[in-house]
Amino acid sequence: MSKIDHSLFSANQHALEKEYEVCPQCGSELVIRNSKSGPFLGCASYPKCDFIRSLVQHDTQQIKVLEDSPCPECANPLVVKNGRYGMFIGCTGYPECHYIAHDEPKENEDVLPACPKCTKGQLVARSNKFGKTFYSCNSYPSCKYTLNHKPIEHTCPQCQWPVMTQKKMANSDVLQCPQKNCSHKLTVSD
């Protein structure tokens, strides 16, 4: 233990606190500051100079320019970029044009039945924070009807509920009434 240089370790100073960069606005030294969002670089002469910068630089890198795909807003070519949230397609004229291509909804989606509880809304597919799909009324929050399995417009022969859920079993598909007091099951044959 006697071979350790104790001048390298200081209890009152953090190892990363010295960032020898110069403030571009006033020329003072930049130091690491902390906020509720995390650490950042700020000017040492703070009240006089309000320059701040993120500690981690998230540069967007262009991967491939798509010459044959024009931007629908400004007609510049589109480019595949890698940004802080992953890969995306954006416009090459970025600071002037902020176009980003988004995933288009699938056109051949199944039409889901109307909400049997409120009869005003339509059942739609949604996903929870874990990515699991569930089905709920689109007039939420006035109607909070939800189903865990895909709804099929088929009247239950036992309780006359207008919607049944489709469950995939090992040998066949089963339609089950979603009402807790009924739970009637029908085997579907292809």
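Colleague: What share of the contacts with a separation of 6 or more joins residues 24 or more positions apart in the protein chain?
Modeller: This is a predicted model, where local features need pLDDT of at least 70, side-chain atom pairs count only at pLDDT 80 or more, and totals for chains, interfaces and linings use all residues. Residues are numbered from 1 along each chain as its sequence is written, and side-chain values use heavy atoms, with hydrogens and water left out. A contact means heavy atoms within 4.5 Å. Among contacts with a separation of 6 or more, the share from residues 24 or more positions apart is 16%.

Colleague: How many residues of strand S5 are buried?
Modeller: Buried means under 20% relative accessible area, exposed over 50%, and partly exposed in between (1.4 Å probe, protein chains only). In the protein chain, buried residues make up 23% of the 190 residues. S5 (residues 61-70) is hardly covered: of its 10 residues, the number buried is one.

Colleague: Which residue in the hairpin of S5 and S6 takes a positive phi?
Modeller: Two strands pair if DSSP finds at least two bridges between them. S5 and S6 (residues 77-83) pair in the antiparallel sense over six bridges, and Leu 66 stands opposite Leu 78 in S6. Six residues lie between the strands of this hairpin. The residue with a positive phi, near 70°, is Ala 75.

Colleague: What order do the strands take in the open sheet of three strands?
Modeller: Five bridges join S8 to strand S9 (residues 133-137), and the two run antiparallel. Across that pairing, Arg 126 stands opposite Phe 134 in S9. The pairing in the sheet is antiparallel, and the order is S8-S9-S10. S8 (123-127) and S10 each pair on one side only, so by the pairing rule of at least two bridges the edge strands are S8 and S10.

Colleague: Which parts does the pair of Tyr 145 and Trp 161 tie together?
Modeller: Rings of Phe, Tyr and Trp (its six-membered ring) pair if their centres lie within 6.5 Å; planes under 30 degrees apart count as stacked, over 60 as edge-to-face and the rest as tilted. Tyr 145 and Trp 161 form a tilted pair, 6.3 Å centre to centre with 45° between the planes. Both residues are buried. Tyr 145 lies in the loop between S9 and S10 and Trp 161 in the loop between S11 (150-152) and S12 (164-168), so the pair ties together parts that are 16 residues apart in sequence.

Key: Helix = DSSP H or I, 4+ residues; strand = E, 2+ residues; numbered from the N terminus.
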